[in-house]
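Hi,

Here is the structure I promised to pass on. Have a look at it first, and then read my notes below.

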Amino acid sequence: MVRTRCCGWRSSGAGFGGIAAAVRLKQAGIAFTVFERSDDLGGVWNENTYPGVEVDNFAHWYSFSFRTYDWSRTHAGQQELKEYLNDTVDKFGVREHFRFGSAVERVEWTRTRSGTTCTSRTDRQNRSNS
Ligand SMILES: Cc1cc2nc3c(=O)[nH]c(=O)nc-3n(C[C@H](O)[C@H](O)[C@H](O)COP(=O)(O)OP(=O)(O)OC[C@H]3O[C@@H](n4cnc5c(N)ncnc54)[C@H](O)[C@@H]3O)c2cc1C
């Protein structure tokens with residue numbers, strides 16, 4: 001268990017939602033950290049790898065507004081979706097803000113100290129969440 005006092009935004013999850021938040025927070029010049037309990041990004045597209053897994057909607061509807069993409073199929077598969085997310089994280093320079101192997105257990109706003117304390121459980125030894 002690691003307790004960290006942080007300034008700025010924090011978000012949990014490195015799926016579509018967390019990646020979109022990361023890009024927009026960076027563009028807005030706001031300090032942030034994204035905690036992700038697994039060891040890789042992608043969210044559902046990291047977890048679901050069974051044969052034939054793909055989006056239900058047209059892939060071009062399922063793209064970030066800030067990053068259109070020339071999908072190879074109308075309904076993109078898991079591997080291409082995960083590549084898209086990895087490319088997006090690198091293209092927008094936000095990878096360094098992600099803390100993998102860090103499951104958030106509690107986030108506490110402390111008014112007197114004007115900050116928040118984020119408690120996370122690390123899955124790896126010797127990982128620092130400061
Ligand atoms: C096969 C399939 C097809 C789909 N097709 C569509 C579609 O066509 N259109 C559509 O709109 N949606 C579709 N979805 C739904 C999909 O879940 C969402 O579109 C979207 O990818 C969800 O993104 P997310 O970032 O909100 O959540 P997720 O992708 O679930 O990411 C959440 C992340 O948060 C992490 N996390 C959770 N709790 C913690 C914690 N306490 N601490 C740290 N990390 C944490 C998880 O490990 C995960 O990586 C589909 C889903 C599946 C599985």
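Predicted model: local features only at pLDDT ≥ 70, side-chain atom pairs only at ≥ 80, totals over all residues.

A definition to start with: two residues are in contact if their C-beta atoms, placed from the backbone, lie within 7 Å.

Residues are numbered from 1 along each chain as its sequence is written.

**The overall picture**

The protein chain has three helices and six strands, and along the sequence they come in the order β-β-α-β-α-α-β-β-β. Of its 130 residues, 25% are buried. By "buried" I mean that 20 or more other C-beta atoms lie within 10 Å of the residue's own; with 12 or fewer it is exposed, and in between it is partly exposed (C-beta atoms are placed from the backbone). If you take contacts between residues at least 6 apart in sequence, 57% of them join residues at least 24 apart.

Helix 3 covers residues 78–91, and its 14 residues should span 20 Å at 1.5 Å a residue; its end C-alpha atoms are 20 Å apart, which agrees. (The expected span is 1.5 Å times one less than the number of residues.) The buried residues in helix 3 are Q78, L81, Y84, L85, T88 and V89. They sit on the same side of helix 3, because they cover an arc of only 130° around the axis; that arc is taken from the directions from the helix axis to the C-beta atoms. As background, an α-helix has 3.6 residues a turn, so residues three or four places apart point the same way.

Which elements do these buried residues pack against? The buried residues of helix 3 pack against helix 1 and helix 2 (44–47). On the face turned away from the buried side you'll find the exposed residues Q79, D87, D90 and K91. After helix 3 comes G93, with a positive phi near 65°.

Helix 1 takes up residues 16–27, and its 12 residues reach 17 Å from first C-alpha to last, close to the 16 Å expected at 1.5 Å a residue. Its buried residues are F16, G18, I19, A22, V23 and L25. Just after helix 1, G29 has a positive phi of about 75°. Beyond its neighbours within four places in sequence, A22 is in contact with F32, V34, V94 and H97.

Strand 3 (residues 32–36) is mostly covered, with four of its five residues buried. Strand 3 runs parallel to strand 4 (residues 98–100), and three bridges join them; two strands count as paired if DSSP finds at least two bridges between them. In that pairing, V34 has F98 of strand 4 as its bridge partner.

The largest nonpolar core has 18 residues, and I19, A22, L41 and L85 touch the most other members. Helix 1, strand 3 and helix 3 each give two or more residues to this core, and helix 1 has the largest share, with five. A nonpolar core here is a set of buried Ala, Val, Leu, Ile, Met, Phe, Trp, Tyr and Cys residues joined through C-beta atoms within 7 Å.

**Around the ligand**

There are 21 residues around the ligand, and G13, G15, G17, G43 and D56 come nearest. For this, a residue is near a molecule if its C-beta atom, placed from the backbone, lies within 6 Å of it. Helix 1 gives the most to this shell, with three residues.

Two of those residues are worth a click. G43 is in the loop between strand 3 and helix 2, and G43 is buried, with 20 other C-beta atoms within 10 Å. Leaving out neighbours within four places in sequence, G43 is in contact with G13, A14, G15 and F16. D56 lies in the loop between helix 2 and helix 3. Is D56 buried or exposed? D56 counts as exposed, because it has 7 C-beta neighbours inside 10 Å.

Cheers
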